[in-house]
Amino acid sequence: MDKKGNYYIVGNWKMNPGDKNEARKIFNGVKKASQRKKSEIVICPPFPYLGIFSSERLPKSLHLGAQNCFFKERGSFTGEVSPKQLLDLKVEYVIVGHSERRSLGESDEFISKKIRALLDLGIKPIVCIGESQRDKNGNYIQFLESQLSSVFSEVKTGEVNRVIVAYEPVWAIGKNEGEAITGRLLYEMVVFVRRFLSRRYSKEKGFSVSVLYGGSVSSVNTKDILEEGKVDGLLIGRSSLDSESFSEIISIAEDL
Ligand code: PGA
């Protein structure tokens, strides 16, 4: 993102909360916190709640996102949801390739088909990459490079800046802030992603892509991650389920 304080703050609710009343409560809290903000705030609830929230009037800075999709428009694909159906529900973003979905068997090829389908419809994919562990020899860098190659395999030069990359090291998801990445270490990864894209497309393109960070983000480490890590935003799991914590993160980002 270009302007200072203009961050992506994305809430990934995963398979939470347990019922629609609780979902509405959290959503109302986020709606209140999103009034007159310059950040791009995106809530990714489970599919059924998208159906509820899509009929509401949202503040300008609040957008709906989904946690997954299929790559076909319609047809005999039991249990799947198409990008077109999501577009119908005013969904503007879709998280693709989250490690929790990769661990269920989603391949790089499958993920890149989804990215293609989303770009074709004008929906922004938030594509997750991340190593499960770090080794001293730096093999994780090759691993990330192959994930990136595959993510961008179907992305044309003119479309690069419509893809949002979320760097989510698997070892840092679902932990406490002390075990999350530090801003300094994160900055190296941001540079790595931009270098990869600069080589593949152009320097200008490499810098036009938004790179987010996800993995144990809370109000405690938000400032360090945004300032030192120099990311364009955050992908937040647990802290997005408490509208007060989520609002605090938004305020910290807005004040930077
Ligand atoms: P967490 O999840 O913030 O609860 O660690 C992040 C994610 O998996 O996207």
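Colleague: Does arginine 36 count as buried or exposed, and at what relative accessibility?

Modeller: Keep in mind that this is a predicted model. To call a residue exposed, its relative accessible area must be over 50%. Arginine 36 has 80% relative accessibility, so it counts as exposed.

Colleague: Where is arginine 36 placed?

Modeller: Look at the loop between helix 1 and strand 2 (40–44). Arginine 36 is there. Check its backbone too. Its phi is positive, about 50°, although arginine 36 is not a glycine.

Colleague: What is phi near in lysine 90?

Modeller: Near 65°. That is again a positive value in a residue other than glycine. Lysine 90 sits in the loop between helix 3 (83–88) and strand 4 (91–96).

Colleague: Now a residue of helix 8. Is glycine 206 buried or exposed?

Modeller: Buried means under 20% relative accessible area. Glycine 206 has 0%, so it is buried. Find it in helix 8 (residues 203–208). Leave out residues up to four places away in sequence, and glycine 206 touches Arg194, Leu197 and Ser198.

Colleague: How many residues apart in sequence are glycine 206 and lysine 20?

Modeller: The two are 186 residues apart in sequence. In space they are 40 Å apart, C-alpha to C-alpha.

Colleague: What about threonine 222? Which helix holds it?

Modeller: Helix 9 (residues 222–227) holds threonine 222. Its relative accessible area is 0%, so threonine 222 is buried. Set aside its neighbours within four places in sequence. Threonine 222 is then in contact with Val217, Leu234, Ile249 and Ile252.

Colleague: Which residues does a cis peptide bond join?

Modeller: Omega is the angle to read for a peptide bond. The cis bond joins asparagine 16 and proline 17, with omega about -10°. Proline 17 is in the loop between strand 1 (8–12) and helix 1 (20–33).

Colleague: Now the ligand. Which residues are around it?

Modeller: Start with the list. Around the ligand are Asn12, Lys14, His98, Glu168, Ile173, Gly174, Gly215, Ser216, Leu235, Gly237 and Arg238. Then sort by class. The shell has two nonpolar, six polar and three charged residues.

Colleague: How do I read the atom pairs at the ligand?

Modeller: Ask which atom faces which, and at what distance. An N or O atom in the side chain of histidine 98 is 2.8 Å from a ligand oxygen atom. For glutamate 168, a side-chain N or O atom is 2.7 Å from an oxygen atom of the ligand. Glycine 174 uses its backbone: an N or O atom there lies 2.8 Å from a ligand oxygen atom. Next, look at cover. The ligand taken alone exposes 280 Å², and the protein buries 99% of that.

Colleague: Step back to the whole protein. How many helices and strands are there?

Modeller: There are 10 helices and eight strands. Buried residues make up 54% of the 256 residues. The accessible surface is about 12,300 Å², and 47% of it belongs to carbon and sulfur atoms.

Colleague: What radius of gyration does the protein have?

Modeller: It has 17 Å. A compact globule with 256 residues would have a value near 18 Å, so the two agree. Its C-alpha atoms fill a box of roughly 50 × 45 × 30 Å, along the principal axes.

Colleague: And what share of contacts joins residues at least 24 apart in sequence?

Modeller: Take contacts between residues at least 6 apart in sequence. Of those, 72% join residues at least 24 apart.

Methods. Residues numbered from 1 in each chain as written. Predicted model: local features only at pLDDT ≥ 70, side-chain atom pairs only at ≥ 80, totals over all residues. Heavy atoms only, no water. Near = heavy atom within 4 Å. Polar contact = N/O pair within 3.5 Å; in protein donor to acceptor, adjacent residues only side chain to side chain. Areas by Shrake-Rupley, 256 points an atom, 1.4 Å probe, with all protein chains shown as cover. Nonpolar A, V, L, I, M, F, W, Y, C, P; charged D, E, K, R; others polar. Helix = DSSP H or I, 4+ residues; strand = E, 2+ residues; numbered from the N terminus. Buried < 20%, exposed > 50% of the residue type's maximum accessible area, 1.4 Å probe, protein only. Contact = heavy atoms within 4.5 Å. Rg over C-alpha atoms; globule rule 2.2 N^0.38 Å.
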